[in-house]
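Subject: Structure for your files

Hello,

Here is the structure you will need. My notes come after it.

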Amino acid sequence: MKEKVSSSMDERKKAVHVYCMQETLVLTVLGPDRTGIVDSLASAVNEHGGSWQESQMARLAGQFAGLVRVTCPADAAAGLTTALENLSSANLRISVVQETSADDSEVRSSYHLDVLGNDRPGILSEVSRVLRSQNANIVEMETRLEPAPESGQAIFHTIASVTLIQDASPEDLAHALEELSPDLQVSLS
């Protein structure tokens, strides 16, 4: 009986050790949209003992675009990378990179940003320039054009998650964005 307990404990220790030695990979996927893209990616991850952690995917202008973070046992990372890259074709580009640790030395505060205004050439460039000048880091961003309720004119709308360094002022950021144009509505919370 003692041998079984000892053997069972050794197996658990090995399982914990393997679990702790994980590799994180970030995939970017781009190509004409078609059925089965996500299934082929998920199958490759599963076949190599990986775990799909998070993803963002969209269909834009007939193209599929995806950003995926997966983890897998460290000794399976090279095989998984090869399998994913083998899914690439002339029509589907897949890039795999190892996650790098972020520099967390600066304390940052997170904010939700919502910007709405009349569409015009260069509006996103202007908004992103202000974000950079105010030391705001874009964590996530979605942009779209919407018809204005009464006129049907194109309205630029962006929703973003941004971080600011500790001594940066969210009020200064909102004011700088509002200074871009009198029609721009800015909400920062």
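Predicted model: local features only at pLDDT ≥ 70, side-chain atom pairs only at ≥ 80, totals over all residues.

Residues are numbered from 1 along each chain as its sequence is written, and side-chain values use heavy atoms, with hydrogens and water left out.

The chain has five helices and eight strands (DSSP runs, H or I of at least four residues for helices and E of at least two for strands, numbered from the N terminus). Of its 189 residues, 27% are buried (under 20% relative accessible area; exposed is over 50%, partly exposed in between, with a 1.4 Å probe and protein chains only).

Helices α4 (residues 123–133) and α5 (residues 170–178) have axes that come within 10 Å and cross at roughly 155 degrees (lines fitted to C-alpha atoms over the stretch in contact, angles running from 0 to 180 degrees between N-to-C directions).

There are five salt bridges (a side-chain nitrogen of Lys or Arg within 4 Å of a carboxyl oxygen of Asp or Glu). One of them joins D33 and R59, at 2.8 Å from N to O. D33 lies in the loop between β1 (22–32) and α2 (37–47) and R59 in strand β2 (residues 51–60), so this pair ties together parts 26 residues apart in sequence. D33 is partly exposed at 33% relative accessibility, and R59 is exposed at 57%. E142, R144 and E146 form a network of salt bridges.

Regards
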